[in-house]
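Please find below a colleague's note on the model under discussion. The points take the chains in turn and then the places where they meet.

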Amino acid sequence: MAVNSNNLEKIDPVEEQVKKNIIMTTVDQALDYARAHSFWPVTFGLACCAIEMMAAGGARYDIARFGYEVFRPSPRQADLMIVAGTITDKMAPLVKRIFDQMPEPKYVIAMGSCAISGGPFADSYHVVPGADTILPVDVYLPGCPPRPEALIDALLTLREKVKNPKVVMEAHG
Amino acid sequence: MDKTTSLEEIITLLVEKYEGRLERVEDSLDAAIRVKDQLFFQVAKELKEEHGLDFLTDLTALDLGEGKFRGIYHLMSWKPYRLLRIEVDASGEEPWLPSITELWPAANVQEREVFDMFGIIYDGHPNLTRILLSEDFEGHPLRKSYVTKSRRK
Amino acid sequence: MSIAEDKILRTEELTLNMGPQHPSTHGVYRAILVLDGEYVQNMENVIGYLHRGMEKLAEARTYPQFLPYTDRLDYAAAMLNELGYVQTVEKLMGVELPERAEFIRIIMAELQRIASHLVMIGSFALDLGGFTPWMYCFRDREKILDLFEMVAGARMTPAYMRVGGVMDDLNPEFIPELKKFIDSMPASFEEYDNIVTGNEIFIARTKGVGILTAEKALAYGVTGPNLRAAGIGYDLRKVAPYSIYEKFDFDVPVFYNGDSFDRFVIRIEEMKQSLRILEQAIANLPDGPIQAKIPRVIRPPEGEVYHQIEGSKGLLGYYIASDGSNKPSRIHIHGPSFVNLGALPEMCTGLMVQDVVTTIASIDFILGEVDR
């Protein structure tokens, strides 16, 4: 519509279209916006939490609503690693390698208490006490295992973080 | 030998046959016998082939402290259902037990697990290597002498 | 037929690493395949990537403290692990249970068996490339998890059973919800049949693939549905009923080919039998206490005990050695997946690589239980 019905003042139709359809932003912001709304997690389950991660992809919780359902079997196509489960000493080098294979920019969610701190197995001789000893973790998601809703919340938290890198930097150093 | 003989009869028979080298474990909740390690393979074979206890359901070990170890075996037959525990004391500086992989392929992975966790050598095992832990792991974690260092932050 | 026999098409031997990060290895399992062209010449299991040292941790935990750890063994069948554990401790202590507690335990165990089988058939179909059946299975599984949440507060790791009974009585809404679930399942089975079991592609990819014969199964100590799919109808619930299973009327499904297809179908049949048990349990559920009188601090008498139950994947055994204190001197967990996995290399040798994926999915192992 080219006419503003309130004051019947004529508006240039081109200007109207410009107002409606063009957003001025920086390239960085646009890229962050795109990234934040479509993470591609790597299909990588370690333990119990992986089953809840699968459940999050199921019909009930349906993370496809948020655009995060594209689980990639290859780390080279993924930009998000959900560390879902206990990292053991035998597995730790491989987790690291999978992370290294992912292209930048990449993010890590530590899902469940094992990935945060070793959880109930923190005293064990074969368990790494937390994913953050080997990976840069972006979001910590507590629970044993966390519910699928909690995983969605973690993904949304990560979305905010990716969309507003400066705010996060100021708030958390 | 009838394959449906009761466990009590089998145990009595074995105790008589191998007097002094095989004994009944008294006051046990499950039927159990204790065998000397040299005799164990022979007894296991006899139980499998003559008494119908032909299913190895579980194989593990126990640390008795002071460097002594005991192999624990659970044999069973499905029909009629019978479950027998065999306890074998491992002797020697380096504890060892005869391998029963030949009788039950099921023992293969379980013996490897016990080797991994307790360091018990199974004589005659085709591939006695660590199974759960990596090759460069030091020590055998389920030994009582193994102390876990806490790595909590 | 081996390709190597054909001199023109002679190929070099190739070693292929599958896993530990691989979409169809169900966790962190690794297989080293030696290939001749497309055919597997030799296969080696590499496990231990999820070895969390539970048996060592148990030595520093009291008996009730160890219960939540059992949830994390076979995390697709937590209630069954709990059942095995508490029954073993009770056997050691000589506890008699009130009848209502036994009934509630059976209800939970059978629900969990259905949930575990649903995970299996769902991910089996997923491994063969069918995403929709997986959606259906997880949809039905959610209903069971809702029931668990209702009584225990948690979905997957409920820690609901206690030595001497269960944590809490059933909610008033539990039984009506359970009935709704039971009524909803026959329609779901029909859906699975239509979409998977009757699917031509599925049949072509699973019939006659990964055969495990009865003799091999017994020699390798394979138990549970995998054994019953090989023609041997041994189910501990029938052979040596524990808890109150002798009160229930149910059949043990048996299939005779021992291939991947049978291992799939038998799980659907077992779910139907579990539903029968559930119906009878609801009809006969008695009133009364849910907890036996046991000491506040659990100190079983000195001694050793072995107890096994029919888990969702086979015989789940616990060996507990007690020294009379409030902490076990040793707990050994006999996980059926661990032993079943031992038979896998034999089953896969001679198959094509794509059939290895089918076979791995069909024996249904959970790494938490394999590595412990």
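1. In chain A, 76% of the contacts between residues at least 6 apart in sequence join residues at least 24 apart; two residues are in contact if their C-beta atoms, placed from the backbone, lie within 7 Å. The corresponding value for chain C is 71%, again among contacts between residues at least 6 apart and again for partners at least 24 apart.

2. This is a predicted model, in which local features need pLDDT of at least 70 and side-chain atom pairs count only at pLDDT 80 or more, whereas totals for chains, interfaces and linings use all residues. Residues are numbered from 1 along each chain as its sequence is written, and chains are lettered from A and ligands numbered from 1 in the order in which they are written.

3. Chain A holds seven helices and three strands, in the order α-α-α-β-α-β-α-β-α-α from the N terminus. Helices (H or I, at least four residues) and strands (E, at least two) are DSSP runs, numbered from the N terminus. Chain A is more spread out than a compact globule, because its radius of gyration is 21 Å, well over the 16 Å that the globule rule gives for 173 residues. The radius is taken over C-alpha atoms, and the rule is 2.2 Å times the number of residues to the power 0.38. The C-alpha trace of chain A spans about 75 × 35 × 30 Å along its principal axes.

4. Of the 173 residues in chain A, 42% are buried. A residue is buried if 20 or more other C-beta atoms lie within 10 Å of its own, exposed if 12 or fewer, and partly exposed in between, with C-beta atoms placed from the backbone. A:Leu156, in helix 6 (residues 148-163) of chain A, counts as partly exposed because it has 14 C-beta neighbours inside 10 Å.

5. Chain C comprises 15 helices and eight strands. Its radius of gyration, 21 Å, agrees with the value near 21 Å for a compact globule of 372 residues. Buried residues account for 56% of the 372 residues in chain C.

6. Between chains C and A, 27 residues of chain C are in contact with 30 residues of chain A. On the chain C side, helix 1 (54-58), helix 2 (63-71) and helix 5 (131-152) each give two or more residues, and helix 5 gives the most, with four residues. That side divides into 14 nonpolar, seven polar and six charged residues. Ala, Val, Leu, Ile, Met, Phe, Trp, Tyr, Cys and Pro count as nonpolar, Asp, Glu, Lys and Arg as charged, and the others, Gly among them, as polar.
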